[in-house]
Each structure stands twice: as C-alpha cells, then as structure tokens.
Amino acid sequence: FQTANRTTSELTIRRVTSADRGNYYCYLNSSAGNEQSKIVQLTVPTGSITVPKAEKTFSVGQSGVLKCSADGSANPVLTWWKEGKKVDVVANNRLRQTSSGELVLNDVTFRDAGIFICHISVASINQNFIQKIEVTVIGPPDPPTDVKLLIT
C-alpha cells in the first residue's frame, strides 16, 4: 500500500495471479470520519489446458481423434502441426478440427503416422503450450506394387 498524498492512495499488486482476483476498495478511518471508496473489481484472465496422452495408436481405415483442448476466459487458439508443417484441414478432407480443438483423422492411413504437435496460444496472458503426440498406425501391409515373376 503506497500513499501518494493525504487525499489519494493506490494499491499496487505485483505478479498478479488468479488468487488476486476479486473486489477491492479503500476504507479511510480518521478523526474526521469514515469513508469508503467505490469498489473496483480485479479480473485475471485464466486458461486451463487439458493435454492428451502422448502416444496414440490407430488402425488403418478407422477414424481417430487427437485430443488437445483449452478453456477459460483467456480465449486460447489451438493449431495442429505434423512433422514441422501446419495441418491443413481445408486441403485434406480426411482431417477436421472440431470447435473444441480435437483433430479428427478419418480413414486413417500409414501416412498419418508420425509426430503431431498441438500448439495452444493464450495471447491475453502471453503464454504458449505445446503437446507432442506420437501417432502409430497398425494394419495389414500395403500390397506390393513392383512384383516380378522369376521362373527358373
């Protein structure tokens, strides 16, 4: 609590956390009487992150879901990456990102195997979160494409 002069004062909270949120007011008690300031409400943007299991296994031809979600008043933005490239759900009609941030893989193929990264950006609290998910695809092998018959 810092006093600037006899008629004004200010409260400085350093390194604000969600525990600091709430209503604040100044109460003055003097020989001249008592006075209370207007109530000031302190809101602190928050975000909670739910990260998926780090490894997922899907079968060829099935649908799979990669879960990575964030909620709270911080308005997080979720983006998916695979092997260093942003996942393009528009160009690849087998992939779809839900409004809750899940990445749905329809008709899984061996090409879907690899490292996926869920990137969560929370601008209002200037934080980023990353979750890596290793996807393994199992199923029968693809038929051979270059077959030669050797008769001896």
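Where is the place of tyrosine 25?

A: Tyrosine 25 sits in the loop between strand 3 (22-24) and strand 4 (27-30), where strands (E, at least two residues) and helices (H or I, at least four) are DSSP runs numbered from the N terminus. This is a predicted model, in which local features need pLDDT of at least 70 and side-chain atom pairs count only at pLDDT 80 or more, while totals for chains, interfaces and linings use all residues. Residues are numbered from 1 along each chain as its sequence is written, and side-chain values use heavy atoms, with hydrogens and water left out.

Together with Tyr27 and Ile39, Tyr25 makes a nonpolar surface patch of about 360 Å². Such patches consist of residues with over 30% relative accessible area and no salt bridge, like charges being joined within 9 Å and nonpolar side chains (Val, Leu, Ile, Met, Phe, Trp, Tyr) within 5 Å. The areas come from the Shrake-Rupley method with a 1.4 Å probe, and for residues only the protein chains shown count as cover.

Confidence is given by pLDDT, which the predictor assigns to each residue on a scale from 0 to 100; the chain has a mean of 79, and 78% of its residues reach 70 or more. Confidence is lowest in strand 1 (residues 2-3), at a mean of 46, and highest in strand 14, at 95.

The largest nonpolar core has 17 residues, among which Leu66, Trp80, Leu103, Leu105, Phe116 and Val135 touch the most other members. A core of this kind is a set of buried Ala, Val, Leu, Ile, Met, Phe, Trp, Tyr and Cys residues joined through side-chain atoms within 4.5 Å. Strand 11 (77-82), strand 14 (103-105), strand 15 (114-122) and strand 16 (127-138) each supply at least two of the core residues, and the largest share, four residues, comes from strand 15. In soluble globular proteins, nonpolar side chains tend to be buried together.

With contact taken as heavy atoms within 4.5 Å, and leaving aside neighbours within four places in sequence, phenylalanine 116 is in contact with residues including Leu66, Trp80, Leu103, Leu105, Ile133 and Val135. Phenylalanine 58, in strand 8 (residues 55-59), is buried at 9% relative accessibility. Not counting residues up to four places away in sequence, phenylalanine 58 touches Leu66, Val135 and Thr136, among others.

The chain has one salt bridge, defined as a side-chain nitrogen of Lys or Arg within 4 Å of a carboxyl oxygen of Asp or Glu. Aspartate 112 forms this bridge with arginine 94, the closest N and O atoms being 2.7 Å apart. Aspartate 112 lies in the loop between strand 14 and strand 15 and arginine 94 in the loop between strand 12 (85-86) and strand 13 (95-97), so the pair ties together parts 18 residues apart in sequence. Aspartate 112 is buried at 6% relative accessibility, and arginine 94 is buried at 15%. Threonine 109, in the loop between strand 14 and strand 15, is in contact with Arg94 and Val137, its neighbours within four places in sequence left aside.

Backbone angles also deserve a look. Most residues other than glycine have a negative phi. Aspartate 107, which is not a glycine, has a positive phi of about 50°; it is placed in the loop between strand 14 and strand 15 and is partly exposed, with a relative accessible area of 44%. Glutamate 83 has a positive phi near 50° in the loop between strand 11 and strand 12, and this glutamate is exposed, at 56%.

How values were computed. Buried means under 20% relative accessible area, exposed over 50%, partly exposed in between (1.4 Å probe, protein chains only).
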